[in-house]
Amino acid sequence: MKKSKVSASKALIDDVVAASRVLAQQGVLDAYGHVSARSDRRPDRFVMSRSRAPALVTAADVMEHDANSEPVGDDRKGFLERFIHGEIYRARPEVMAVVHSHSPSVIPFGVTQSKLKPIYHMASFLWSGVPLFEIRDTRPDNDLLIRDIPLGKALAHSLGKCTCVLMRGHGMTVVGDSVAEAVFRSIYTEMNAKLQIQAGQLEGPIAFLSDEEGKRSTGTNRSTLERPWELWKKAASAKGRS
Ligand SMILES: [Zn+2]
């Protein structure tokens, strides 16, 4: 095995490890899905685990990837869908973290005409819209997975300037200004989807957040991000010890 060359700080790698475990514990990731962060020392690179179930990820599993999503100086097997991350970092220079999941409650919104919208303040970041990526438009013969650069580019194009993109018959991808924010958004997108389905069974129409409420609430939530992040990390590490 070649010696890994990682530019990212230890603190950032620890965040990726913590995020993987938190999202597994919160039911957003299972054996599949992944978290990455843009390197804090080389913005053209990002770090993510080798191909491994998120709940089992340790710092030693984290590899640095170049702008084409290939592991740098490391011959261990990367995730098949690492191109999701690389192409979003290329298209969106301000994005610092990406989560890709097969989050169960969002799946119905990817395969029906129902639009996922912010139903409560914790998911207010969805105010800017949740686009749907249709892989058939790029590749009619597909296995649903984002397994190369052209598919990664098409997904990043669908995401546009939004915070979350649904992937038909597959899952979703969420971005953030930090690992903590991407984790927060993944958890509350799953929660919002669940609540929206529940509300749909009651007498409608549903009163969603307005764009203005969405913008204001997104700012407020940013200022309290450390609180849930600390709690989730503690809960995930306690579970790891039991
Ligand atoms: Zn996937």
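**The zinc site**

Author: In sequence the donor residues of the zinc ion follow the spacing E-x18-H-x1-H-x67-H. Donors are N, O and S atoms within 2.8 Å of the metal (3.2 Å for Na, K and Ca); water is not among the atoms, so sites may look incomplete. This is a predicted model, where local features need pLDDT of at least 70, side-chain atom pairs count only at pLDDT 80 or more, and totals for chains, interfaces and linings use all residues. Residues are numbered from 1 along each chain as its sequence is written, and side-chain values use heavy atoms, with hydrogens and water left out.

Reader: Which residues coordinate the zinc ion?

Author: Glu81 (OE), His100 (NE2), His102 (NE2) and His170 (NE2) do, at 2.1 Å.

Reader: What is the geometry of the site of the zinc ion?

Author: Four donors count as tetrahedral if all angles lie between 85 and 135 degrees; four count as square planar and six as octahedral if opposite donors are over 155 degrees apart and all others between 65 and 115; anything else is irregular. Here the angles among the four donor atoms are 96 to 138 degrees, and the site is irregular.

Reader: Where do histidine 100 and histidine 170 lie?

Author: Helices (H or I, at least four residues) and strands (E, at least two) are DSSP runs, numbered from the N terminus. Histidine 100 is in strand 4, and histidine 170 is in the loop between strand 6 and strand 7, so the pair ties together parts 70 residues apart in sequence.

Reader: Are histidine 100 and histidine 170 buried or exposed?

Author: Buried means under 20% relative accessible area, exposed over 50%, partly exposed in between (1.4 Å probe, protein chains only). Both histidine 100 and histidine 170 are buried.

**The sheet**

Reader: What is the order of the strands in the sheet?

Author: Strands of a sheet pair through backbone hydrogen bonds, either parallel or antiparallel. Two strands pair if DSSP finds at least two bridges between them. This open sheet of seven strands has the order 3-2-1-4-7-6-5, with mixed pairing. Strand 3 (62-65) and strand 5 (132-133) stand at the edges with a single partner strand each, so one side of each has no neighbour in the sheet.

Reader: How does strand 4 pair?

Author: Strand 4 (residues 97-101) runs antiparallel to strand 7 (residues 171-176), with five bridges. Valine 99 has valine 174 as its bridge partner in strand 7. Strand 4 also pairs with strand 1 in the antiparallel sense, over four bridges. There valine 35 stands opposite valine 99.

Reader: Which way do the side chains of strand 4 point?

Author: In a regular strand the side chains alternate between the two faces of the sheet. Ala97, Val99 and Ser101 point one way from strand 4, Val98 and His100 the other way, and all are buried. Five of the five residues of strand 4 are buried, so this strand is largely enclosed by the rest of the structure.

**The core**

Reader: Which residues of the largest nonpolar core touch the most other members?

Author: A nonpolar core is a set of buried Ala, Val, Leu, Ile, Met, Phe, Trp, Tyr and Cys residues joined through side-chain atoms within 4.5 Å. The largest one here has 45 residues, and Leu23, Leu166, Val179, Val183 and Trp229 touch the most other members. Helix 5 gives the largest share of this core, nine residues.

Reader: What is leucine 23 in contact with?

Author: Contact means heavy atoms within 4.5 Å. Leaving aside neighbours within four places in sequence, leucine 23 is in contact with residues including Val35, Val99 and Val183.
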